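Here are my notes on this model, point by point. Please keep the structure open while you read.

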Amino acid sequence: MASVEIVEVGPRDGLQNEDVILSTEQKVAMIEGVIAAGVRRVEAVSFAHPKYVPQMADAEAVMESVPRSDGVTYIGLIMNWRGWERAVKAGVDEVNMPIVATDTFNRKNQGVDTAESIEVFGQVVEAGRDAGIGVSAVIAASFGCPFEGEVPVARVVDIAGKLAEAGAHEIALADTIGVGDPWSVEERVSAVKPVIGDVKLRAHFHDTRNTGIANAYAGVENGVQALDASIGGIGGCPFAPAATGNIATEDLVYMLDRAGVEHGLSLERLLEVTPTVAEALGKEVPSALLRAGTFPSPMEQA
Ligand code: MG
């Protein structure tokens with residue numbers, strides 16, 4: 001049977017782009033909620049400078065308080081070597097480092113060109129080996145850039161090859177600003193796979209232009225092994241003013257459940273968490289499942 005791993009990124013990519021800053025306790029409650037729903041990989045924190053990302057200023061405190069149960073791994077996002085040092089100290093199990101597909105965006109995000117970030121990535125991979133921490137790369141703006149526009153497939157393939165060569169534990173193609181479509185997913189995934197060999201491939205979609213779930217479908221159909229999603233569909237992107245959040249975890253789970261694709265999460269349990277996240281943020285969240293409910297209804301299923 002087909003299967004795909006779901007990486008819950010709400011606590012990081014979701015919350016990082018919300019105006020309301022949750023308390024450490026609220027973040028930990030959210031993480032506990034998704035774990036209770038079956039999530040086994042959580043992008044929990046970012047080690048970006050608190051001046052730029054105040055929402056993640058308590059990364060260390062969050063990592064101190066999360067449940068360390070068997071089989072759950074916590075991912076911390078890092079931008080540079082300083083972030084790596086903080087991540088190791090905080091005790092994350094994995095790190096994700098974004099490498100933006102365009103120099104302009106990479107400079108705005110990380111202060112250096114793409115090539116320089118790839119070099120740092122290689123150093124982090126080596127350090128990760130010694131520390132026993134998996135180091136993954138996220139190729140941000142893989143489907144389009146808010147500054148440079150269209151991103152050539154060849155550019156993404158070239159970066160992916162270099163990251164695989166550097167020893168990436170996993171490579172993710174991210175549609176950071178939500179401009180992709182299912183056919184471009186097929187095209188880019190098919191082009192990247194041969195150059196990364198047996199390195200695991202993940203995808204990260206935003207639903208900015210209503211193509212997020214369709215893109216997730218295309219990812220699964222074309223052999224993506226893991227998908228990022230955020231509870232409630234929370235989040236956005238600081239470089240794409242109208243960007244909405246990541247695809248909602250519960251919407252993704254609903255689609256996969258209907259198709260019989262295995263993922264290990266419980267939709268019912270997720271739908272218990274979503275309202276608490278909406279309440280904490282003090283706003284409605286994009287989740288379609290929260291609005292429409294599941295089908296068949298839980299009573300019919302019983
Ligand atoms: Mg994102």
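1. Start with Gln110, which has its place in helix H5. Keep in mind that this is a predicted model. Gln110 counts as buried, because its relative accessibility is 12% and the cut-off for buried is under 20%.

2. What does Gln110 contact, once neighbours within four places in sequence are left aside? The partners are Met79, Met97, Pro98, Val100 and Ser117. Two of these contacts have polar detail. A polar atom of the Gln110 side chain lies 2.7 Å from the backbone oxygen of Pro98. The side chains of Gln110 and Ser117 are joined by a polar contact of 3.3 Å.

3. A distance for orientation: the C-alpha atoms of Gln110 and His169 are 21 Å apart. Along the chain, 59 residues separate Gln110 from His169.

4. Now the sheet. Eight strands close into a barrel, in the order S1-S2-S3-S4-S5-S6-S7-S8, with parallel pairing. On average, neighbouring strands of this sheet are turned by 30° against each other, direction ignored.

5. Look at one strand pair in detail. Strand S3 (residues 73–77) and strand S4 (residues 94–100) run parallel and are joined by three bridges. Leu77 stands opposite Asn96 in S4. Helix H6 (residues 114–131) packs on the sheet and touches S4 and S5. The direction of H6 makes about 165° with that of S4.

6. On to the rings. How many aromatic pairs does a search of the whole structure find? The search finds three. One of them is Trp81 with Trp84, a tilted pair at 6.4 Å centre to centre and 45° between the planes. Trp81 and Trp84 are about one helical turn apart, because they lie three residues apart in helix H4 (residues 81–90). Trp81 is partly exposed, with a relative accessible area of 34%. Trp84 counts as buried at 4% relative accessibility.

7. Another pair is Phe105 with Phe147. Their ring centres are 5.4 Å apart and their planes stand at 80°, so this pair is edge-to-face. The pair links distant parts of the chain, 42 residues apart. Phe105 is in helix H5 (residues 103–110), while Phe147 is in the loop between strand S5 (134–140) and helix H7 (153–165).

8. Phe147 counts as partly exposed, at 34%. Phe147 also has a charge over its ring: the charged end of Lys108 sits there, 4.9 Å from the ring centre.

Notes:
Residues are numbered from 1 along each chain as its sequence is written. This is a predicted model: local features need pLDDT of at least 70, side-chain atom pairs count only at pLDDT 80 or more; totals for chains, interfaces and linings use all residues. Side-chain values use heavy atoms; hydrogens and water are left out. Rings of Phe, Tyr and Trp (its six-membered ring) pair if their centres lie within 6.5 Å; planes under 30 degrees apart count as stacked, over 60 as edge-to-face and the rest as tilted. Helices (H or I, at least four residues) and strands (E, at least two) are DSSP runs, numbered from the N terminus. Buried means under 20% relative accessible area, exposed over 50%, partly exposed in between (1.4 Å probe, protein chains only). A charge sits over a ring if NZ of Lys or CZ of Arg is within 6 Å of the ring centre and within 35 degrees of the ring normal. Two strands pair if DSSP finds at least two bridges between them. Axes are lines fitted to C-alpha atoms, for helices over the stretch in contact, and angles run from 0 to 180 degrees between N-to-C directions. Contact means heavy atoms within 4.5 Å. A polar contact is a pair of N or O atoms within 3.5 Å; within protein, one must be able to donate a hydrogen and the other to accept it, and residues adjacent in sequence count only if both atoms are side-chain atoms.
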